Structures are given as structure tokens and as C-alpha cells.
Amino acid sequence: MAEAYIVAAARVAGGKRNGKLSGWHPADLAASVLDALIARTGCDPALVEDVIMGCVGQAGEQATNIARNAVLASKLPESVPATSVDRQCGSSQQALHFAAQAVMSGSMDIVIAAGVESMSRVPMGMPSTLPAKNGLGFYVSPNMQARYPGVQFSQFIGAEMLVKKYGLTRDELDAFALQSHQRAIAATRGGAFTKEIVPVAVRMNDGTETGELHTADEGIRFDASIESIGSVKLLQEGGALTAASASQICDGSAGLMVVNERGLKALGVAPLARVHHMSVMGHDPVIMLEAPIPATERALKRAGMKIDDIDLFEVNEAFASVPVAWQKTLGADPARLNVNGGAIALGHPLGGSGAKLMTTLVHALMARGKRYGLQTMCEGGGLANVTIIERL
């Protein structure tokens, strides 16, 4: 079987809600990443055989196949097809898996995996809440209710369930949140994100352009301190999590070009990394966010690896309890985890986060001269993707 290689990885810097990217239509924002991947590889756009794009809020401006709309908004020719994927927060990580599977099978040679989410323009939960408010039903079916009687499927509840199950405290979650900002600050000031970020124009929510380029993640709190984080009120009474130890609402897009050996030859480029392992796992949908732990254990076993064989980890910081419970349970070296900060500081653009984290992981491995990286993230419904890559 052929191999799957990543030959380009790029993202826009995250934008805060109603911030510097909020004036961008999501199709146009995603198109900027598609164009950047073509430019960075020198690829003939007509050689791209598919675009697979993750997006959670497939409603409004992100409806009607956002992937195809992004292609039509880009410099890619109309002949390039596209499809949209929803595996909740893992949507664009799954897009990478589908792209890798396509080129490994030999059915395609050059595929773009990407993700986009404008949480300013398509608010979180809109695809389910808007129909429900208008009498058009809710996603929880009678059979689901019978199987899980009285259950409210909620990531907020699941995050606090993790806190209790793994004996986490507010102090350690706050400390992790501060570390996320500190690492993101160091990465930004040290230029660690420069090669991965695609500069785009600042477009505010009212449509005005400032003439500036957006080149730094907007959510980083450069004045963060343990005192300021500790002063934020709890999300629920008796809990341990706050808005400061949860991921930030974010506008963003990211993408990766994935090819096989024939694709490498056609493009005449050197690969950045090889996809070493990819898997996905279903788990308890009630606690919901615990799935990365057993999914990582299974992935390492299938890959014939141990946790210490991995040089860098990207575990999405949906809530601080997720990576903290993951790290403590698996015994991963905390110095290798989210080395440039995570979603608590950088933002979590839902369907765009999988490609965003992988873009950062690829570039971090290159910058540090490390070999293996592992990415995983919790996903609505009790799911988790795991991807292991090898830097080349």
C-alpha cells in the first residue's frame, strides 16, 4: 500500500468572537488557506483531486457544502470536487484521515484536507438549536432517549465529570490554563507560528477593513496571571472549570496537502511528514470527553509504540480537564504536551481545529528536529480521533 505524506500545512491565526476575522465569510476564509497550500507547493491547481473539509456548524454561511463553496471562492478550478465532514470537534482531523486513506488506496494522488469554522457568524450549536426553536425537532431521537433515559448530552457536564472521575482540582486546571497562555506567548514572540500562519486582511464584524494583516492569534492573554485566571467564576456551582480553563470561541481555518508517492513525483516537492497511524474510537457519550484516553492507548498498541516513543503531543484543550486527565492517566511527559499552547489560549474553531492542531504539530516537529508526533481530541458523541505522524 502507498504511503500518505503531508507536503504543506497552513492555518490562519485565530480570531476572537466578533474580532479580526469576524468580517470574513467562512468560504472566503477557507479559500485563503486553499490558495496558500497551492502557493506553498507550486502545485498545478488542476492536479488536486478532492478537497475534504471539516465543519461543525453547517448552517447559514457554512451550509450547502462549505467545502465546495470554499473551492469556488478560491483559485482552484471548478473541476476540483469537495465534500464537508462533521465529526464534531474532530471534523478536520477526520478530513485528514479520509485524505490519507484516499492517497494510500491509490484512488487519488493529491488531496487537500482542511477545516473551517466562523463561530462569530455561525454561533455554536446553531444547526440544532435553530430548528428546535422553530418547531422542527431536535437531534436526540426517541430511541436515544430510551437508551440514555434522563441524560442531557453536554460537553460542559462531561468536562466536570472528568474532573470528579480523575480527582482534578481547580488549582491544577487554572495552572494548566496559565501554562497554555505562557507557551502561546513564548511561541508567538519567538516566531514559532510564523511559517504556519497565512496572513489575511483584518475584517471586523461590521465589514470594515483596517488595512492591517492578521498574523497573530487574537485570543492570547499576554497579561494572564494565576490571579486573573483564579478570579474567573465557575461554570457551574460546585465545579472546578471556568471560562478561563476552557477553550475560546474562535474563527479560523487550516489545511494540509496530502499526497502519495505519485503525488510527490508530480509535484516535485519533499514531504514534511508521513502519516504513521490513524484511527478513531467511540466511547461513552455521556462523559463524552474521556475518549482520547482509551483511543490513545489503542492507537499506540496498534502502532507498536509506547507513550515515550512520541516526541510531541497535541491534545485539544476543549477544557483543561481533558489534556490534564489524559496526561496523568497515560503518563505522558507534560513538557511534550501542547508545547506552543493550546485552545485555551489560541482558540478552538470547532471543525477547523483538527487541521489547525496538525499544522502546528508538523511545524513544531520540524522546528525542534523531533521525529514522532501524536494528535488527539475529544469530540461530541464520545468520539476521539488519533493521528501519529513521522517527520521526514
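Predicted model: local features only at pLDDT ≥ 70, side-chain atom pairs only at ≥ 80, totals over all residues.
Take the largest. About 80 Å³ of space lies inside. Which elements supply at least two residues each to its lining? Strand E10 (312-315), helix H12 (343-346) and helix H13 (353-368). H13 gives the most, with 3 residues. By class, the lining of the largest cavity has 4 nonpolar, 5 polar and 3 charged residues. Among the lining residues are Glu314, Asn338, Leu346, Lys356 and Thr360.

Now the second largest cavity. It contains about 30 Å³ of space. Leu162, Leu289, Glu290, Pro292, Ile293, Val322, Ala325 and Trp326 line it. Helix H10 (292-303) and helix H11 (321-330) are the elements giving two or more residues. H11 has the largest share, 3 residues. The class count here is 7 nonpolar, no polar and 1 charged.

Back to Leu346 for a moment. Leu346 lines the largest cavity, and Leu346 is also in contact with Asp217. Where does Asp217 lie? In the loop between strand E7 (209-214) and helix H8 (226-230). Buried or exposed? Asp217 is buried, because its relative accessible area is 4%, and the cut-off for buried is under 20%. A polar atom of the Asp217 side chain lies 2.8 Å from the backbone nitrogen of Gly14. Other contacts of Asp217 include Arg11, Ala13, Phe193 and Ile197.

Last item, helix H2, residues 66-73. Its buried residues are Ile66, Ala67, Ala70 and Val71. Seen down the H2 axis, they fall within an arc of 145°, so they line one face of the helix. What do they pack against? Helix H1 (26-41), and strands E3 (50-54), E4 (82-85) and E5 (110-118).

Definitions and conventions
Residues numbered from 1 in each chain as written. Heavy atoms only, no water. Helix = DSSP H or I, 4+ residues; strand = E, 2+ residues; numbered from the N terminus. Buried < 20%, exposed > 50% of the residue type's maximum accessible area, 1.4 Å probe, protein only. Polar contact = N/O pair within 3.5 Å; in protein donor to acceptor, adjacent residues only side chain to side chain. Contact = heavy atoms within 4.5 Å. Arc of directions from axis to C-beta. 1 Å grid on protein atoms, 1.4 Å probe; cavity = no way out; pocket = protein on both sides within 12 Å on 5 of 7 lines; lining within 4 Å. Points joined across faces, edges and corners; volume = space filled by probe spheres on them. Nonpolar A, V, L, I, M, F, W, Y, C, P; charged D, E, K, R; others polar. Lists of a residue's contacts leave out its neighbours within four places in sequence.
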